[in-house]
Amino acid sequence: MSAVLPDVSVTDIAPTLGPLEWVGMQGIDFPVTIDEPGYHRELHAKADVQVDLPAPQVKGIHMSRLYRLLDSWGHDAHISPARVYALLSSMVDSHHDCDSRCARLRLDFELLVRRPALVTEGLSGWKSYPVQLNASLEDGQFALSVECTVGYSSTCPCSAALSRQLIEESFLASFSNQTLVDPGVVANWLRANASLATPHSQRSEARVCVSVDHASSSLGLLALIEAVERALGTPVQTAVKRADEQAFAALNGQNLMFVEDAARRIRAALSGHENPRVHVRHLESLHPHDAAAWSAPLNQGSQA
């Protein structure tokens with residue numbers, strides 16, 4: 001075939017004139033390579049790519065140009081702030097005939113990490129952390145942020161205090177007539193009655209977002225996640241034996257927290273990051289609704 005294929009996005013005028021803020025594609029299947037200290041892996045991602053369309057008469061952008069740029073960008077190299085900036089610049093350059101001046105990228109993927117058991121040597125399992133990368137280049141201004149979701153366990157301090165009171169009252173009722181009690185008798189009583197009342201605990205999640213400096217060599221995802229897990233102290237576990245489950249119970253019992261405590265701990269742990277935002281949810285076992293808290297940089301809004 002020698003005939004020139006029609007391209008109505010170029011030859012036709014938009015029937016309704018007007019600029020558009022963003023035009024592009026969403027949900028492109030895409031492999032990404034994450035390479036940073038302690039982590040190197042290729043992962044499956046979903047990518048969104050868009051440019052602005054300020055020219056009111058242009059019927060449509062060139063979707064295939066964006067797709068091909070993204071496809072070639074993903075080969076042979078890991079994601080870094082410099083490479084994200086280069087992709088966005090290429091997206092803008094590829095649409096000079098549409099007068100585009102802005103581009104943006106969103107990547108959604110799950111960081112898959114091998115985590116060891118708390119106590120049992122040689123036991124480990126896979127744990128995934130949802131990650132969202134958002135980047136934009138608008139009139140020459142580059143912005144990049146990463147958001148990670150970290151699962152953990154939370155035990156309610158109020159519920160723990162109420163449970164301890166019931167156990168205390170039961171202990172006094174059992175031994176109020178005795179001035180001296182043999183430690184072995186007390187130990188047997190505790191073994192039978194220490195779970196007379198138990199505090200409620202639940203799986204919880206922390207969603208944290210920080211800005212990434214354009215000069216950074218990597219996204220810093222693993223370091224960000226580990227800072228959050230250290231601050232909370234009770235990350236959810238993968239493979240466990242009874243000794244690991246017991247160790248996890250001890251961590252929860254010695255690490256009681258309201259949702260407010262969790263948000264404040266994480267905020268303090270991320271003090272060295274730029275524009276840290278925190279959203280924590282405790283998926284309540286007492287209530288049919290969740291408890292939640294937000295924290296944003298000073299002088300900014302509170303919704304993450």
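## The pocket

The largest pocket has a volume of about 350 Å³. Grid points are joined across faces, edges and corners, and the volume is the space filled by probe spheres set on the points. Keep in mind that this is a predicted model: local features need pLDDT of at least 70 and side-chain atom pairs count only at pLDDT 80 or more, while totals for chains, interfaces and linings use all residues. Residues are numbered from 1 along each chain as its sequence is written, and side-chain values use heavy atoms, with hydrogens and water left out.

The lining of the largest pocket takes in 20 residues, and those nearest its centre are L105, N134, A135, S136 and A143. A residue counts as lining if it has an atom within 4 Å of a point. The elements giving two or more residues to this lining are β1, β2, β3, β4 and β5. Helices (H or I, at least four residues) and strands (E, at least two) are DSSP runs, numbered from the N terminus.

## The sheet

So what does the sheet look like, and in which order do its strands come? It is an open sheet of 8 strands, ordered β1-β2-β3-β4-β5-β6-β7-β8, with antiparallel pairing. Two strands pair if DSSP finds at least two bridges between them. At the edges sit β1 (20-36) and β8 (291-295), each of which pairs on one side only. From one strand to the next, the twist averages 15°. Axes here are lines fitted to C-alpha atoms, for helices over the stretch in contact, and angles run from 0 to 180 degrees between N-to-C directions.

Now for some of the pairings. Strand β2 (residues 39-53) runs antiparallel to β3, joined by 7 bridges, and V49 has L105 in β3 as its bridge partner. That L105 is also one of the residues nearest the centre of the largest pocket. Between β3 and β4, also antiparallel, there are 15 bridges; R104 stands opposite S136 in β4, and S136 is another residue nearest the pocket centre. In a regular strand the side chains alternate between the two faces of the sheet.

## A hairpin and a helix across the sheet

β4 and β5 pair in the antiparallel sense over 8 bridges, with L137 standing opposite F142 in β5. The hairpin of these two strands has 2 residues between them, and D139 takes a positive phi near 50° there.

Helix α8 (residues 259-269) lies across β5 (141-155), β6, β7 (274-282) and β8. Its direction is at about 155° to β7.

## Salt bridges

How many salt bridges are there? The count comes to 10, taking a salt bridge as a side-chain nitrogen of Lys or Arg within 4 Å of a carboxyl oxygen of Asp or Glu. One of them joins D97 and R65, at 3.4 Å from N to O. This pair links distant parts of the chain, 32 residues apart: D97 is in the loop between α3 (81-93) and β3 (102-116), and R65 is in helix α2 (residues 63-73). D97 is partly exposed at 38% relative accessibility, and R65 is partly exposed too, at 32%. For reference, buried means under 20% relative accessible area, exposed over 50%, and partly exposed in between (1.4 Å probe, protein chains only).

R115 and E226 meet in another salt bridge, 3.3 Å from N to O. Because R115 lies in strand β3 and E226 in helix α6 (residues 221-232), the pair ties together parts that are 111 residues apart in sequence. K127 forms a salt bridge with E229, with the closest N and O atoms 3.0 Å apart. K127 lies in strand β4 (residues 124-138) and E229 in helix α6, so this pair ties together parts 102 residues apart in sequence. K127 is buried, with a relative accessible area of 9%, and E229 counts as buried at 11%. Salt bridges that share partners join R115, K127, E226 and E229 into one network.

## Around A197

A197 is found in the loop between α5 (183-193) and β6 (201-211). Is A197 buried or exposed? It is buried, with a relative accessible area of 14%. A197 touches S163, L166 and I167, not counting residues up to four places away in sequence; contact means heavy atoms within 4.5 Å. The C-alpha atoms of A197 and Q165 are separated by 9.0 Å, with the two residues 32 apart along the chain.

Methods. 1 Å grid on protein atoms, 1.4 Å probe; cavity = no way out; pocket = protein on both sides within 12 Å on 5 of 7 lines; lining within 4 Å.
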